[in-house]
Amino acid sequence: ESYQVYYKRDNGSYSYKTVYGTSLSLSNLASGSKYTFRVRARAGSVVSELSATKSVTIGVTKLSTPVITSAAAYGTTATVRWGAVSGADSYQVYFKRDNSSYVNYTVYGTSFSVNNLMNGSKYTFRVRARAGSTVSELSASKIVTIGAMPLATPVITDTFVNTHEGR
């Protein structure tokens, strides 16, 4: 007699392992992720119905605080970059213009760009790491100032001298 242990991570698809006892150990599971399990008994070609589901979230005791490595403006676009945090599966980027309220976006990498920012405004950025429901402290702030676009330098195309002054 054996058992088929079905398991999945978060909203992924089920995989299964066949075991010849009443326990299964899995390693290298993602911190902060929810794993759902179901089991069925098997005796030769006869199989039972699947059990009810049982879920467990792999704990993360603490995530390190991200460190913003660069924050720069390119025209009316600002880009912020930070170092990866071990165990994080996403990041929340918070930013605000001047003295307004923060807005935040979820990011699955280690950089974030925002376009069409207002010239002459200062934008403050902060980042927090996430692993499931576990979150880090917010990073230190980085400020990016969006400069006014420089005016084109005038070019003199023709010159003439008035030789008939005063006549």
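Trainee: Which residue takes a positive phi in the hairpin of β1 and β2?
Mentor: This is a predicted model, where local features need pLDDT of at least 70, side-chain atom pairs count only at pLDDT 80 or more, and totals for chains, interfaces and linings use all residues. Residues are numbered from 1 along each chain as its sequence is written, and side-chain values use heavy atoms, with hydrogens and water left out. The hairpin has five residues between its strands. The residue with phi near 45° is D10.

Trainee: How many bridges pair β1 with β2?
Mentor: Strands are DSSP runs of E, at least two residues, numbered from the N terminus. Two strands pair if DSSP finds at least two bridges between them. β2 covers residues 15-19 and runs antiparallel to β1. Y3 stands opposite V19 in β2. The bridges number five.

Trainee: Which residue in β3 does S2 stand opposite?
Mentor: β3 spans residues 34-43. β1 and β3 pair in the antiparallel sense over eight bridges. Opposite S2 stands R42.

Trainee: How many residues of β1 are buried?
Mentor: Buried means under 20% relative accessible area (1.4 Å probe, protein chains only). β1 covers residues 2-9, eight in total, and is mostly covered. The buried count is six.

Trainee: What is the bridge partner of A72 in β7?
Mentor: β7 covers residues 77-82. Six bridges join β6 to β7, and the two run antiparallel. The partner of A72 is T79.

Technical notes
Buried means under 20% relative accessible area, exposed over 50%, partly exposed in between (1.4 Å probe, protein chains only). Helices (H or I, at least four residues) and strands (E, at least two) are DSSP runs, numbered from the N terminus.
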